[in-house]
Amino acid sequence: MRIFYNNSKFGSDTLLLLISIGILITILGTAFFHLALQAESYNFFDVLQSRYIKRVLVFTLWQAALSMGLSLLFAIPLARFFYYHNFPGKRIILTYFGLCLVMPVIVAILGIIQVHGNSGYIVWMMRSLGIETKGYLYGLFGILLAHVFFNTPLAVRSLLSRLNDIPQEQWRSAIQLNFTPWQRFRLVELPALRSALPGLAALIFMLCFTSFAIILSLGGGPRATTLEVAIYQALHFDFDMVRAVTLSGLQLAICAILSFILVRFGKQSETEISYQTGQESILKFLQNKSLLARVFGWVSLALILLLVFPPLFSVIAKALYHFKWDYLSKPALLNAGLISLGISLSAGSLSILLAVSLCLGLRHIQNRSLRSFIETIGALILVFSPFALATGLFIALSSYANLDQIGPFLVILINALMSLPFALRILIPAFQQRFQETQPLCISMGIQGWTRFRMIDFPLLRKPIGLAMAYATTLSIGDFGIIALFGSQDFSTLPLYIYRAIGSYRLHEASFAALILILTCYLLFIILERLIGGPKGQTQCLNKQA
């Protein structure tokens with residue numbers, strides 16, 4: 001292992017890296033060691049013969065594969081359509097696609113229920129036209145609908161970023177050789193898309209494979225249960241460690257394979273984390289003149305807009321139309337809001353602290369294999385079930401404190417760990433780029449350690465650190481998984497409050513709470529990004545000086 005720090009073998013950055021890796025390994029190892037102790041007498045292969053586990057595994061794989069396929073089926077033509085065409089509202093649509101990535105899952109679920117549920121607008125319109133319809137939302141269709149809602153915007157922005165990265169020299173060659181639209185797609189676009197598709201497909205599959213809130217809310221019953229929901233049921237209702245460990249082992253094995261694909265093929269450009277609206281191509285005449293291609297693009301755009309826009313608008317409209325001042329005075333709602341803020345800010349801060357510590361040490365490592373290994377450790381949390389992880393930590397700490405004392409700590413810790421891979425995805429490229437630019441100067445002037453971070457690194461990296469903090473905090477405030485396991489009447493967040501209101505058919509109150517959650521997420525994102533990232537002009541000035 002070749003690690004250098006200002007011509008020395010060991011430095012404070014390396015120490016931070018080792019401490020961060022040690023913390024992550026200790027947390028993961030402690031959780032699953034205590035889970036294994038609780039189920040030490042079971043036979044893993046005997047339990048796998050259960051018809052229930054086989055059915056859950058098959059359905060989990062099937063819905064994840066369908067969700068991934070549908071998301072990419074929409075995303076590929078949409079990314080090409082956005083790339084080739086400029087039209088009014090393009091920037092707004094892509095910005096909204098970015099908001100979908102951090103929108104709290106429970107808010108989207110509430111909106112989808114209001115649009116597609118048994119009392120939703122679409123069912124009402126069909127009945128007004130004399131078309132009788134049975135409820136279609138709950139079950140596999142509803143799960144696919146929600147997964148496409150979240151994953152298609154992610155895929156569109158990712159593929160559009162790859163198209164924007166195509167060198168213009170290739171387009172000039174295509175013009176000189178008089179390529180047809182099909183030849184341009186096959187010889188220019190497809191190689192760029194192909195490099196992103198395996199990693200993107202693995203990421204979407206993993207997100208759908210480990211989905212929890214969508215399955216719990218829209219699954220419709222035992223016939224649509226996935227591994228994540230089954231682990232939650234085994235721990236929360238039955239406290240069946242044998243089943244929980246078995247399901248967690250299955251999930252871990254499958255997600256480990258997906259993580260390998262993601263790390264191996266999922267290298268993405270830094271432009272993917274920005275609100276880029278597409279390359280302003282100098283090759284305007286490359287726009288596809290085929291009427292069929294344009295019609296297909298516009299139809300795809302219309303379908304995806306009808307899917308992603310109405311749910312959020314429905315939540316906002318219903319919250320404003322049925323607003324009552326009494327909602328603001330509800331102690332349960334105010335308490336949930338304050339707890340959500342405390343948890344999200346604490347989890348976001350902890351996540352960024354770990355991410356920055358990893359990045360500071362990681363940038364000194366020259367061996368590519370070792371870098372990939374450490375990056376994998378940082379993203380390892382994605383392959384673990386958060387419920388199994390939280391339960392293992394609870395068992396380890398239960399002899400020292402009760403659930404009321406441990407619960408908030410575990411919710412903060414697990415949310416911080418779940419946000420860590422996304423923070424690293426933003427920070428690692430930025431830290432590496434700035435390190436290459438400033439390392440010779442720092443070595444020549446003998447600047448290192450905390451002095452270097454305070455005077456050199458942080459001023460240049462405020463923007464990505466602020467963006468990562470904003471993402472980590474908003475992801476934490478919208479989390480519904482861990483709080484569903486440890487939540488109570490006195491310890492509830494806004495997502496849990498909304499879920500309980502939906503379950504009690506108090507949709508107006510749920511819509512108002514969802515509006516508060518949306519506004520909180522938006523304000524937190526803007527404030528944190530600008531507060532930590534600094535003024536835009538200052539950032540640009542520092543970038544030019546670097």
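What share of the contacts in the protein with a separation of 6 or more is accounted for by residues 24 or more positions apart? Such residues account for 82% of these contacts. The structure shown is a predicted model, and its protein contains 23 helices and 0 strands.

**Confidence of the prediction**

- The protein has a mean pLDDT of 80, with 87% of its residues at 70 or more.
- Among the elements, the highest mean pLDDT, 91, belongs to helix H15 (residues 331-362), while the lowest, 43, belongs to helix H23 (residues 536-545).
- The pLDDT is below 50 over residues 1-10, a stretch that has 27 contacts in the model beyond near neighbours in sequence.
- Residues 268-285 also have pLDDT below 50; beyond near neighbours in sequence, 43 contacts are found for this stretch in the model.
- Where pLDDT is low, the predicted coordinates should not be read in detail.

**Overall make-up**

- The protein has 546 residues, and 53% of them count as buried.

**The nonpolar core**

- The largest nonpolar core comprises 163 residues.
- Phe82, Phe97 and Ile498 are the residues with the most contacts inside this core.
- Helix H18 (residues 403-445) contributes the largest share of the core, namely 14 residues.
- Leaving aside residues up to four places away in sequence, isoleucine 498 touches Ile106, Leu110, Ala510, Ala513, Ala514 and Leu517.

**Threonine 226**

- Threonine 226 lies in the loop that runs between helix H10 (213-218) and helix H11 (227-238).
- Is threonine 226 buried or exposed? Threonine 226 counts as buried because its relative accessibility is 0%, and the cut-off for a buried residue is under 20%.
- When residues up to four places away in sequence are not counted, threonine 226 touches Val56, Phe59, Thr60, Gln63, Ser211 and Ile215.

- Leu519, Tyr522, Leu523, Ile527 and Leu531 make a nonpolar surface patch of about 530 Å².
- One of these residues, isoleucine 527, is found in helix H22, which spans residues 507-533.

Key: Residues numbered from 1 in each chain as written. Predicted model: local features only at pLDDT ≥ 70, side-chain atom pairs only at ≥ 80, totals over all residues. Heavy atoms only, no water. pLDDT = per-residue confidence, 0-100. Helix = DSSP H or I, 4+ residues; strand = E, 2+ residues; numbered from the N terminus. Contact = heavy atoms within 4.5 Å. Buried < 20%, exposed > 50% of the residue type's maximum accessible area, 1.4 Å probe, protein only. Patch = residues over 30% accessible without salt bridge, like charges linked within 9 Å, V, L, I, M, F, W, Y side chains within 5 Å. Areas by Shrake-Rupley, 256 points an atom, 1.4 Å probe, with all protein chains shown as cover. Salt bridge = Lys/Arg side-chain N within 4 Å of Asp/Glu carboxyl O. Core = buried A, V, L, I, M, F, W, Y, C linked by side-chain atoms within 4.5 Å.
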